[in-house]
Amino acid sequence: MIGKTLGNRYEIVEKIGGGGMALVYKAKCQLLNRYVAVKILRPEFTSDEEFIRNFGRESQAAASLSHPNIVNIYDVGNDDEIYYIVMEYVKGNTLKQIIKEKGSFEPDDTINVAKQIALALEHAHNNHIVHRDIKPHNILLTEDGRVKVTDFGIARAVTSSTVTNAGNVIGSVHYFSPEQARGGYTDEKSDLYSLGIVIYEMITGRVPFEGDSPISIALKHINNEIILPTIIKKNTPKAIEDIIIKATQKDQSRRYNSAREVLDDLNQALRFPMGSFVKFEEDDSPTQIIPAIKDEDIRYNTAAVGERLRAKKNNGKMIFWTAVISAFILAIIVTGTIFFFNDQLKGNEKEIPGVVGKTYEEAKTNIENLGLKINISSEQFNSQVEEGHIISQTPAAREIVKEGYTIQVIVSKGPQLVEVPNLINKRLDEIDMLLENESLKKVVKYEYHTLPVGIIISQNPKSRERVPKGSSVNIVVSQGEELKSILMSNLVGEEVNTAKRTLENSGLITGKTDYVFHSTVAKDIVLSQSIPQGTEVEENSVVDLIVSKGAENVGQPTEENELPMKSVSFRLKYDDAKQEEFIIKIVIIQNGVSTIYYSGVHQKSKSSQETLTIEGRGKAAIEIYFDTVLIARKQIDFETGAIYD
Ligand code: ATP
Ligand code: MG
């Protein structure tokens, strides 16, 4: 998979991880030149049509979400049976890995992470998307402590027929709500239950229910009560414990109604860690104020989590009425006091609005209308955020601050523009510095061209155009002229000039033309060609010809001519020949004249040795060439048949 490009756009760089359903890769988006995470469905899921349909629908829905605490989905696609989701690449670790390394979280860190998950859930729930698989594996933490929740809604695509991978179920079942474990109706509150379990794991370092099988864990979610965090970690703040208890109620109606409610309690917990502000669903008893009087009777019952035990019943009438009246008075005092202090604490506190992405003017109006102040801490170039819009804010949205507090914002100057240098007619290997100077990148394509190899033919954007810093320039580089391949035609038997014209017309070059005597073939007729007929050759290949110069001139006999023709045979071995096909040429030198006696193409596969017979008179020297390389020179005495060096 590494090196593969999906959808003509996402080049897979490295594997990041994998879960039950998919493998996750880091990839480079060629179009926008940024890293992305690509989640590729495991092949066993891609054969399931219903799953593919659900998967597509759910990821499209999740793609509509846009929130700083949600991993952005950029694209969903399939390429040759590979189904994938392209997401924002998050540099960091999963919450699961961090819990494993750290053991557990400090209360403040727990609340900070939980708040960001709750913000993500609030946004998704407002858009009617239920996550259904909230677990620390799906929560990514960046190096600067930002939380990003991933895999929204994707769990929904898993139908009963596709839940075959046990790993997937085991990974998630620790966080399943009882209704999920039962396979019942799931909704936003199921996510809040899972969030409760995640908070539990952060603060205690362990999940509340363990078991040998997914089923046994699921059953515990349905039937067992959680062991209270304070029992595992004594110093767990009461507020956090209460939030966990309320979030993980088995009965959906007793849980938090919304992520917003969880957020409100988490914010309170930051300020009053030991406070008892978490409101539990009233039970039927009308005497719940009594425990406030009889303090020593109050305790938590681990077997009936979240439901405070009532104080022991008082039977004496007098005592009863005294209690009721005192309770009433006390209730008024307590409530009054709480309201008084709340006003003191809360009266001029404001929740910071989210202004990231807004124009500065919009942000200023928003912030100042709330009685807060705004200050531009810096202006920065940014390729993602339009000029004049807010890149980031501190403190973050939804933090609570005092009236008059100044919110620092960073405003975008838009992308920094640079001028594209001229690259045309330059060599590919000399443009790197030019591009680097302007922080530009190159995307190279090769094309056949009359320009020499490596020279740039064209560029886009054009020279002197202004483009965002860091963007890519597409360049087309010459790979030289296209070499056509030509089928070699037959030249043997042709008149030499006709043969030469044939070569020229078909884009080939006539090489050496050697003339040899031939007793039967007429003068100027081609005897052999160095490239055999039917061979596929590149344009501009050189073809050598051997041409007959007719029968030997018998009119002016030489000394040898008077001698009878004799033949001498010798053996040639090709064992050491490196190539399969080669030309053997035999040149006879007699009386200071060299004549090519023979030239022909031989194939090693036909035979590893051959016997050649030469006819001649008197004494001569012969030269044997293998592909134009002289490999042997011998003296021959045709009269005696002797061959010597
Ligand atoms: P499940 O199949 O139940 O979702 P999982 O969440 O463990 O199990 P994946 O969702 O496939 O598995 O994710 C595998 C791993 O890939 C994660 O643990 C995380 O390390 C990494 N990962 C996932 N999404 C991203 C992302 N957007 N950026 C960077 N890393 C990611
Ligand atoms: Mg996941």
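## Helix α16

The buried residues of helix α16 (residues 496–505) are V496, A499 and L503, where buried means under 20% relative accessible area and exposed over 50%, with a 1.4 Å probe and protein chains only, and helices (H or I, at least four residues) and strands (E, at least two) are DSSP runs numbered from the N terminus. Seen down the axis of α16, these buried residues fall within an arc of 60°, so they line one face of the helix; the arc is that of the directions from the helix axis to the C-beta atoms. On the face turned away from the buried side, α16 carries the exposed residues E504 and N505.

The buried residues of α16 pack against β21 (509–516), β22 (526–529) and β24 (542–548), contact meaning heavy atoms within 4.5 Å. After α16 comes G507, with a positive phi near 85°.

## Basis of the model

This is a predicted model, in which local features need pLDDT of at least 70 and side-chain atom pairs count only at pLDDT 80 or more, while totals for chains, interfaces and linings use all residues. Residues are numbered from 1 along each chain as its sequence is written, chains are lettered from A and ligands numbered from 1 in the order in which they are written, and side-chain values use heavy atoms, with hydrogens and water left out.
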